[in-house]
Structure formats: C-alpha cells, structure tokens
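Colleague: I have a model open and would like to learn how to read it. Could you take me through it one feature at a time?

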Amino acid sequence: SVLPVSFNTMILPPKFPPPTELLDLQPLPPTALGEPALVKLFNGVSEFNPIQTQTFHEIFKTDRNTLVCAASGSGKTICAEFAIL
C-alpha cells in the first residue's frame with residue numbers, strides 16, 4: 001500500500017552547520033611546549049597559527065581524543081605532532 005506523506009511542515013537541520021569560531025587568542029610560541037628538546041623540533045616556527053594555538057591545550061596537555069577538521073595547509077600536521085609529543 002502507499003501512504004502519502006506531507007513534507008510541508010518538516011523541520012530540517014541547516015544545510016551546513018556553522019564551523020567552530022576561532023577564538024581571538026594570542027599566538028603561542030613554541031616555548032609553550034615546555035622542554036627545550038621539544039622546542040628545538042619547531043626551530044623554524046616563530047609562533048603557532050590560530051588553529052594550532054586554539055587546539056594546543058586539548059591536544060598537548062590532555063589524553064582525550066580530538067578531531068581537528070580544517071582546510072588544507074591550515075596546520076593540522078603540527079596539531080598531530082602535538083598529540084605525538
């Protein structure tokens with residue numbers, strides 16, 4: 001049998017959910033890593049970019065799982081290095 005269904009009053013989620021806003025944070029220097037040996041790994045970096053700065057505490061200082069989604073070339077690899085360190 002066929003049952004007619006009306007979609008006139010259906011409430012749909014937004015087509016694209018809004019991204020997490022980047023906080024207006026001061027860029028972190030590599031010295032935020034604490035140990036001189038770790039700072040040397042980022043010798044050519046004067047400061048971490050906004051995505052790296054915003055995710056630093058969660059990734060480097062905790063053992064919680066984290067998902068970082070950002071455009072190509074936005075610094076996700078350095079975020080992954082935070083997790084490894």
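Colleague: What should I know about the source before reading values?

Modeller: This is a predicted model, in which local features need pLDDT of at least 70 and side-chain atom pairs count only at pLDDT 80 or more, while totals for chains, interfaces and linings use all residues. Residues are numbered from 1 along each chain as its sequence is written, and side-chain values use heavy atoms, with hydrogens and water left out.

Colleague: How many helices and strands does the protein chain have?

Modeller: Helices (H or I, at least four residues) and strands (E, at least two) are DSSP runs, numbered from the N terminus. Here the count is 3 helices and 0 strands, giving the pattern α-α-α along the sequence. The radius of gyration of the protein chain is 20 Å, well over the 12 Å from the globule rule for 85 residues, so the chain is more spread out than a compact globule. That radius is taken over C-alpha atoms, and the rule is 2.2 Å times the number of residues to the power 0.38. Along the principal axes, the C-alpha atoms fill a box of roughly 70 × 25 × 20 Å.

Colleague: What share of the residues in the protein chain is buried?

Modeller: Buried means under 20% relative accessible area, exposed over 50%, and partly exposed in between (1.4 Å probe, protein chains only). In this chain, buried residues make up 21% of the 85.

Colleague: Which residues of helix H3 are buried?

Modeller: The general idea comes from helix geometry. An α-helix has 3.6 residues a turn, so residues three or four places apart point the same way. In H3, which covers residues 76–84, the buried ones are Ile 78, Cys 79 and Phe 82. Seen down the axis of H3, they fall within an arc of 105 degrees, so they line one face of the helix. The arc is that of the directions from the helix axis to the C-beta atoms.

Colleague: Which exposed residues sit on the face of H3 turned away from its buried side?

Modeller: That face carries Thr 77, Ala 83 and Ile 84. Helix H2 (50–60) is included in what covers the buried residues of H3.

Colleague: Where is Glu 47, and what does it touch?

Modeller: Glu 47 is placed in the loop between helix H1 (36–41) and H2. Its relative accessibility is 47%, so Glu 47 counts as partly exposed. Contact means heavy atoms within 4.5 Å. Not counting residues up to four places away in sequence, Glu 47 touches Pro 27, Leu 28, Pro 29 and Pro 30. Pro 30 is 17 residues from Glu 47 in sequence, and their C-alpha atoms are 6.1 Å apart.

Colleague: What is Pro 27 in contact with?

Modeller: Pro 27 belongs to the segment before H1. Leaving aside neighbours within four places in sequence, Pro 27 contacts Glu 47, Phe 48 and Thr 53. With a relative accessible area of 36%, Pro 27 is partly exposed.

Colleague: Is Thr 62 buried or exposed?

Modeller: Thr 62, in the loop between H2 and H3, counts as buried at 17% relative accessibility.
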